[in-house]
Amino acid sequence: MVTTQEQQDTLLELLNSTPVVRGVVQDQLADPEAARAWQQAHGGSGTAEEHAWLLRARDALQDVVRGARPAASLAPLLDGVTSHPEVSSEGVSWELDAPEERRMAVEAVLAWSALLETMSGRLRPCANPECRRFLLDRSKTNKARWCSMAVCGNRMKARRHYQRTRDGAAE
């Protein structure tokens, strides 16, 4: 059984599969072999159809999290998807009923929705405008701004320091 944390981590990894490297956006799922390996590592079948749906979900979710598209734009990814209750001695669980090629895309949308419900505002884009990555702030204070303090955080702080120094010297 996949844990909530694993679902969140997979969603974040999917969202972060288009990083900026040396000023150029890289799509880590563009190569069919790399995509197949990623899909299989995350419980998928690795088919081309699954890949196509996964990319649709990723692109839509990135736009929704950035505020570039409304959440309603995710609805076509969920068309015809249902879930059914399974009762056991451990309680009630919900069994997802989705076409196999859409299952990973649907699970990504459901993971986003669960985050919205349980950790509202904690999934967000990196505050570095040159970065395309996202962060999931699990800190107590919910004040994280960068996908990586070592990379984006240091860059942004160094830029602000340089700007303050330069502005101070100009006065």
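A salt bridge here is a side-chain nitrogen of Lys or Arg within 4 Å of a carboxyl oxygen of Asp or Glu. Keep that in mind; this is a predicted model.

By that rule, the structure holds 8 salt bridges. Let me start with Arg 58. Its partner is Asp 59, and the closest N and O atoms are 3.1 Å apart. Arg 58 is buried, at 3% relative accessibility. Asp 59 is partly exposed, at 33%. There is also a network: salt bridges link Asp 27, Arg 58 and Asp 59.

Next, helix α5, residues 103-118. Arg 103 and Glu 107 form a salt bridge, 3.0 Å from N to O. How far apart are Arg 103 and Glu 107 in the helix? They are 4 residues apart, so about one helical turn separates them. Arg 103 is buried, with a relative accessible area of 18%. Glu 107 is partly exposed, at 34%.

Another bridge joins Asp 63 and Arg 69, at 3.3 Å. Here Asp 63 is partly exposed, at 23%. Arg 69 is partly exposed too, at 33%.

Now the rings. The structure holds 0 aromatic pairs. But Trp 53 has a charge over its ring: the charged end of Arg 102 sits 4.9 Å from the centre.

Last, Asn 16. Where does it sit? In the loop between α1 (4-15) and β1 (20-21). Buried or exposed? Asn 16 is buried, with a relative accessible area of 6%. Leaving out residues up to four places away in sequence, Asn 16 touches Gln 28, Arg 133 and Phe 134. With Phe 134, a polar side-chain atom of Asn 16 lies 2.5 Å from the backbone nitrogen.

Conventions:
Residues are numbered from 1 along each chain as its sequence is written. This is a predicted model: local features need pLDDT of at least 70, side-chain atom pairs count only at pLDDT 80 or more; totals for chains, interfaces and linings use all residues. Side-chain values use heavy atoms; hydrogens and water are left out. Helices (H or I, at least four residues) and strands (E, at least two) are DSSP runs, numbered from the N terminus. Buried means under 20% relative accessible area, exposed over 50%, partly exposed in between (1.4 Å probe, protein chains only). A polar contact is a pair of N or O atoms within 3.5 Å; within protein, one must be able to donate a hydrogen and the other to accept it, and residues adjacent in sequence count only if both atoms are side-chain atoms. Contact means heavy atoms within 4.5 Å. Rings of Phe, Tyr and Trp (its six-membered ring) pair if their centres lie within 6.5 Å; planes under 30 degrees apart count as stacked, over 60 as edge-to-face and the rest as tilted. A charge sits over a ring if NZ of Lys or CZ of Arg is within 6 Å of the ring centre and within 35 degrees of the ring normal.
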